[in-house]
Amino acid sequence: MYIPLLIEDFLEKVERIKDSFELIEFFEENFEKIDDPLKNIPEVSKRLQEFYDYIVKMKHLNRERIEKRMKFIPGMVKRFRDMYLVYKAEKQGNLKELDLSVKYLKGVGPKRAEKLMKLGVKTVEDLLNYFPRDYEDRRKVMPLPILKEDEKVVTSGVLSAVEKIKKSGLSIVSAVLSDGMYQILLKWFNQDYIGNVLKTLMRKKVYVFGLVKKGFYGTLEIHNPEIEVIGNSSREIMPVYSLTEGIKQNVIRRIIKENLYNIYNFKDYLPDELKGKRRLLDVYQAYTGMHFPLSMYHQKMSRFRLAYEEILYLQLAFFLSKKENENIGGISKNFEGKLSSELLKQLPFKLTNAQLNAYEEIKKDLKSDKPMNRLLQGDVGSGKTIVSELAILDNYEAGFQSAVMVPTSILAIQNFKKMFEHLSRFGIRVALLLGATSTTEKNRIKQMLKNGDLDVVVGTHALIQEDVHFKNLGLVVIDEQHRFGVRQRKELIAKGKLVDTLVMTATPIPRTLSLSVYGDLDVSIIDEMPKGRKPIKTFVVHQTKIDEVYKFIISEVENGGQAYIVYPLIDDSEKLSVKSAVSMHEKLREEYFKDISTALIHGRMSDFEKDEIMYKFSRGEIKILISTSVIEVGIDVPQATVIVIENAERFGLAQLHQLRGRVGRGNKQSYCYLTVGNVSRETLERLNFFASTNDGFKISEYDLKLRGPGEFLGVKQHGLPEFKVADIINDIDIILMAREDAKYIVNNIEKFKTLIEYVKDIYKERLEFLDVG
Ligand code: ADP
Ligand code: MG
């Protein structure tokens, strides 16, 4: 059976053959079989022939000269590939402004423009940047009998026998594709409209592009294929764009093809030096190669160029902002660490090595004359707070104020109390500032901060109000930093002149992501739990078994434990059949926990009420706390040993991990129960995975795979750009390459002036915020 042999496939094989005789044989056997539309370009076929001669003539050479020739082959293959990258869109007519609405373009008009808008395409520039989601390689139309399962293929044949059926909730349209001898079934799921499209294609010769799958009876089928009449189209690689209703594939292809020449509006900002070093295409080749590549190698190199460019600019923005910070300089803080060593002596436990290392790194930063920009990452319960307290003590000893910002008032109150207890013994004056703090009290605190009569302030967003001023703020600590926007962090930092910044998080981020998100933030990791902690045992239980879970709570309480029961909602909802904290509190108190002290806590209560309840819970006066996710982050009550999360399917994995981290903070065995109703298999799988591990890192990787980086991080919050081409998870090689080059550029500013100005311009707003992470 005949499969066209493309030049690029041919070269790929050539590249792998290391033995000269084998290579000669390969050329002799396969050269004639090369069947590639590129051969129509005279230059290509001429060079191909030369290549053939070069190889085959080796037969007549001696050993030494053969070896010499063999050494040149990789270079020749490379040059050959590059040769067919030269294709460019023709520059033609008058260029359209990049910000012109697409509705003025040839073949678009107001109606189509409206539909394109749904794809995010408003302007000429958007259109040029609307890249294909896939490619259909029509140079290589596969004959029916050689199709294999799970391969994405282009094949062709004549359509017949369209049929529509309903089967277990699915509506399936099917058609038969036949090449005269063989047949294959095409199937579309839940795409009823395709029926009508197919009717117009009956008995016509079509291209079919899709994924080959095994059908019910073991025969091969193609699922949800794209289909198009074979007109006078030539053998090309066709782009496959994401569509929206009312815009067909061939329409968007045509619109882009006809307007592609407008890429000549773009300026190529990448310096030749980098292009040479990294073998990057120019911007015109790259845009052409994304939309209408002449080979898949062309596409690959085009994608590489554009992804590299996006990543380079971001990394450059990071380095520029870091450099700017360093130029401003910081204060080299002077302290001996008397107070911090005193506190360490008085603690009932010893720091773990990981905590000690992190603290050492922070101390170095405080002493250095560059401003600290450090991220402290450590799983839930790993003991980040105490590390930040040590830094606060050192900062105080050096003569500066500290501000600690946390996302919720419950957490602020808790941390305030902890810090008050640990710090006031050294005469340090600590205050608490919340949104709900009375005006008189607020004013008093603000006055004292301004006069330098307070040394440490712990608070929520209230800290970043305009009228909060410090006498000499030297250290900013931001806990649970993922809960803050970039801007909020920056605002707090701006309240001092040359502050050191420590941001803390329990959300571990895979390295590739952290390079893109945190750029040049220095990272300290606490990868060790305090001694004696036992892994939390987690179970997924069906709601019908809930009585047993409640009984278990009672037995734990009888043994001196305490419990959280968490609900997704405060009140019952008409729309969702989900349990809520208020009504379950009633029910539990009356039916199950009559003789046990329970309490309700949720976000609508006043800070005062919440504080009173948390206080009683922390002292063991309340045994069971019925709550919403207000207790999600930071809460630290080590006697609590059980947490039940009801309707667990309503929570994300990161959230569940934080919630579960409320227990297992002491030496006793702790338990986490996730209760669910009737949920989908995927949900159950996700929860079972969660139950199988306590490792926050594994959970976050799983979560990342499930949700993709945008949702995982909350892209906007991190000030991370939405890349058009680059993939911040899989492009790690490009990220490392671009970082190296960005560093080089920043160290040679004179040479790269234009580029730097350009990056500063596109990241204008972000640059101000980037360095904060
Ligand atoms: P997180 O990292 O989640 O913010 P915390 O700082 O709240 O964790 O610490 C969790 C608990 O562990 C607290 O009760 C804290 O006092 C305790 N802790 C911290 N470090 C240690 C240690 N080295 N050994 C034992 N307990 C510790
Ligand atoms: Mg914490």
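1. Helices (H or I, at least four residues) and strands (E, at least two) are DSSP runs, numbered from the N terminus. The model is a predicted one, in which local features need pLDDT of at least 70 and side-chain atom pairs count only at pLDDT 80 or more, while totals for chains, interfaces and linings use all residues. Residues are numbered from 1 along each chain as its sequence is written, chains are lettered from A and ligands numbered from 1 in the order in which they are written, and side-chain values use heavy atoms, with hydrogens and water left out.

2. Arg279 sits in the loop between helix H9 (272-278) and helix H10 (283-291). Its phi is near 55°, a positive value in a residue other than glycine. Arg279 is partly exposed, at a relative accessible area of 32%; buried means under 20%, exposed over 50%, and partly exposed in between (1.4 Å probe, protein chains only).

3. Asn224 also calls for a look at the backbone. It is not a glycine, yet its phi is positive, about 45°. The residue belongs to strand E6 (residues 220-229) and is partly exposed, with a relative accessible area of 37%.

4. Is Thr123 buried or exposed? Thr123 is buried, its relative accessible area being 17%. It is placed in the loop between helix H5 (109-118) and helix H6 (124-128). Leaving aside neighbours within four places in sequence, Thr123 is in contact (heavy atoms within 4.5 Å) with Leu98, Asp99, Leu100, Ser101 and Val102.

5. The protein chain is divided into domain 1 (7-84), domain 2 (88-133 + 241-262), domain 3 (142-234) and domain 4 (537-693). These bounds come from an automatic or database domain assignment. Between the C-alpha centres of domain 3 and domain 4 the distance is 51 Å.

6. One open sheet has seven strands in the order E10-E11-E9-E12-E13-E8-E14, with parallel pairing; two strands pair if DSSP finds at least two bridges between them. Strand E10 (430-433) and strand E14 (522-526) are the edges, each pairing on one side only. From one strand to the next the twist averages 20°. E10 and strand E11 (residues 456-459) run parallel and are joined by four bridges, and Leu432 has Val458 in E11 as its bridge partner. Helix H14 (residues 384-397) packs on the sheet, and the strands it touches include strand E8 (373-378) and strand E12 (473-478); its direction makes about 175° with that of E12. Axes are lines fitted to C-alpha atoms, for helices over the stretch in contact, and angles run from 0 to 180 degrees between N-to-C directions.

7. A second open sheet has six strands, ordered E15-E20-E19-E16-E18-E17, and its pairing is parallel. Its edge strands are strand E15 (537-542) and strand E17 (598-601), each pairing on one side only. Strand E16 (residues 562-566) pairs with strand E18 (residues 624-627) in the parallel sense over four bridges, and Tyr564 stands opposite Leu625 in E18. Helix H22 (residues 653-660) lies across E15, E16, strand E19 (640-645) and strand E20 (671-676), at about 150° to E19. Helix H23 (residues 681-692) touches E15 and E20, its direction making about 155° with that of E15.

8. For a polar backbone atom of Gly383, the distance to an oxygen atom of ligand 1 is 3.0 Å.

Definitions and conventions:
Polar contact = N/O pair within 3.5 Å; in protein donor to acceptor, adjacent residues only side chain to side chain.
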